[in-house]
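Load the model and keep a viewer open. The walk below goes from strands to charges to surface.

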Amino acid sequence: MSAVISAQNLHKSYAGQEVVNGVSITIHKGECYGLLGPNGAGKTTTLRLLLGLIDPDGGELRLLDHAVPRHAREARLRVGVVPQMDNLDPDFSVAENLLVYGRYFGMKDSEIEARIPALLEFANLIHKRDAKIPTLSGGMKRRLTLARALVNDPEIIFLDEPTTGLDPQARHLIWQRLRELTAQGKTLLLTTHFMDEAERLCHRLAILDQGRMIAQDTPQALIAQHIEPQVVEVFGERVPQWAQQHAAQYAQRFEVSGETAFCYVSDAQPLLAHLRGHGALRYLHRPANLEDVFLKLTGREMRE
Amino acid sequence: MRMNPFAPPRLSLRFVPIWRRHFLVWKKVAATSILGHLADPVIYMLGLGYGLGSLLPQMEGTSYLLFLAGGTVCYSTMNSASFEALYSGFSRMHEQRTWDAILNTPVTLDDVVLAEILWSASKSLMAGAAVLLVIWLLGLSHTWLSLWTIPLALLVGLCFASLGLIITALAPSYDFFMYYFTLVITPMMLLCGVFFPVTQLPPVLQTVSAILPLSHAVDIARPLLNGALPSHAVLHVAVLLGYTLAGFYVSLVLFRRRLSR
Ligand SMILES: Nc1ncnc2c1ncn2[C@@H]1O[C@H](COP(=O)(O)OP(=O)(O)OP(=O)(O)O)[C@@H](O)[C@H]1O
Ligand SMILES: [Mg+2]
């Protein structure tokens, strides 16, 4: 498999603070790769470095066989970008946004016009072709931004939090579209705060924290490697006292956050039997997921 | 490995689609924009020209109104480019994030900055043409030489767009532009012979005036409207071009430092 994105030992600091600190990533053609991390972890900065938009302080970068940042421009010919913050042209209609954007890739107007119906269809925006941007909902703007990123039929698509701020329906539609893109053989690099999104979409993912890459693997492998397979969440006012007295006895590992105790176990049966005898406590038994890994690795405290 | 912010500009035709984007936005408000370009000189020239003109004798051998017209061509084009490069440029760079969107495509910051300058100068070209039209309609100038004020408007536009972008590159917010207009543009207007001859100024200020770009523009425009060839035209053009190139380079370095780090 050939690498289409590669970063070796990437460094970037702002005002003496290491924002990206020794990150190495290799992404292969056709992969959907996720970057997870708390606010301020350095996800957007990493994407901007890979696109050659900002200068690294150190490290080797290649994008589609071009050295970055020196030849990033040539590489970006075959890349599409969905930025974290929408920057559609508010003065233009939906179709004009696509037309004007395609021109930046050196495409002829006729060539772009020919692609617009399919792009609008992909974004479920056919009936909004002539609508002005301020009249669109958040979900429509996000879909248009995705369609705009595809105007040049890119091989790689960078997506910075593509579903943040969207309702579940809108999010599911975006997920479906991203799966279609993966099925077409496109390479996707996305950042997200939604663990279910990452778990569903990404073949592999990396967790960033304070500029460092603290884990990287398939979602299943990360869960298997970092966390016990079962989780029992125990809720209730008396949880702190209960946890202090009993949790260690039944769980390999537990964490108390407010009035919830997260108990990580290989075999949940003894704990569940104990809880059934403890009427005052409610509980939820579920398999471990990526969010558990994320919280274990990055901690439960707020970062900013 | 690191890109050098002081590297010379890399010019290409990639500015064209960016310029077309700005033009398409403008087309949507073209009617009001053109009315504005026409109203501004009409108000100035009629207000000041007839008001002051009735009090003043001939100035430098012409009517005050024609004297003022030469200044207005330059002042109006300076203003157009400055407003576009500062307020609209800042909006595109910062508020609307238009530059961010464009920079994700295979264009570079150099292309974006060049497009800003050329677009702002295009606005100046329109402003200059509007002033000339007003001058003709008022019957002030009857010479084909006056047509040369149109390329002059473009040059003045390039010059003040480039200088204005230095301020845009440094600006933390719109408020910052007040300083530029109060401390640079207004004094420039007063020192460069727009409303009265520079010879009325004390010698020190005359020296200052001689190095300001607007005086060089006025020194070209005024004779042209009078049907005369400007003296030292080459020098004046060279000064305006010099400011343009310096402004382009300095603003580009500042934008690279602001946005590419
Ligand atoms: N141009 C800049 N100048 C100074 N600091 C910056 C700059 N860009 C990013 N930072 C800082 O770098 C850190 C990482 O920012 P980045 O935007 O990469 O985080 P992120 O992981 O994308 O966060 P979020 O999830 O909130 O989008 C933050 O502390 C941010 O304040
Ligand atoms: Mg971000």
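Start with two strands of chain A. Strand β11 (residues 230-235) and strand β13 (residues 260-265) run antiparallel and are joined by six bridges. Two strands count as paired if DSSP finds at least two bridges between them. Helices (H or I, at least four residues) and strands (E, at least two) are DSSP runs, numbered from the N terminus.

This is a predicted model: local features need pLDDT of at least 70, side-chain atom pairs count only at pLDDT 80 or more, and totals for chains, interfaces and linings use all residues. Residues are numbered from 1 along each chain as its sequence is written, chains are lettered from A and ligands numbered from 1 in the order in which they are written, and side-chain values use heavy atoms, with hydrogens and water left out.

Now widen the view to the sheet. It is open, has four strands in the order β12-β13-β11-β14 (chain A), and pairs antiparallel. Its edge strands are β12 (253-257) and β14 (282-287) of chain A, each pairing on one side only. Neighbouring strands in this sheet are turned by 15 degrees against each other on average, direction ignored. The angles rest on axes, which are lines fitted to C-alpha atoms, for helices over the stretch in contact; angles run from 0 to 180 degrees between N-to-C directions.

Charges come next. Side chains of opposite charge can pair when their charged atoms come close. A salt bridge here is a side-chain nitrogen of Lys or Arg within 4 Å of a carboxyl oxygen of Asp or Glu. A:R286 forms one with A:E233, with the closest N and O atoms 2.8 Å apart. The pair links distant parts of the chain: A:R286 sits in strand β14 and A:E233 in strand β11 of chain A, 53 residues apart. A:R286 counts as buried at 15% relative accessibility, and A:E233 is buried at 12%. Buried means under 20% relative accessible area, exposed over 50%, and partly exposed in between (1.4 Å probe, protein chains only).

Another salt bridge joins A:E228 and A:R253 (3.6 Å, N to O). A:E228 lies in the loop between α8 (219-226) and β11 of chain A, while A:R253 lies in strand β12, 25 residues apart. Both A:E228 and A:R253 are buried.

What joins B:R20 and A:D109? Their side chains meet in a salt bridge (3.5 Å, N to O). B:R20 lies in helix α1 (residues 15-28) of chain B and A:D109 in helix α4 (residues 109-122) of chain A, so the pair joins two chains. B:R20 is partly exposed at 34%, and A:D109 is partly exposed at 27%. Over all chains, the count comes to 19 salt bridges.

Follow chain A onward to helix α11 (residues 290-298). There A:L290, A:D292, A:V293, A:F294 and A:T298 are buried. At the start of α11(A), a side-chain oxygen of A:N289 reaches to within 2.9 Å of the backbone nitrogen of A:E291. Just after α11(A), A:G299 takes a positive phi of about 85 degrees.

Finally, step back. Chain A holds eleven helices and 14 strands. Its C-alpha trace spans about 70 × 45 × 40 Å along the principal axes. Of the 304 residues in chain A, 55% are buried.

Technical notes. Polar contact = N/O pair within 3.5 Å; in protein donor to acceptor, adjacent residues only side chain to side chain.
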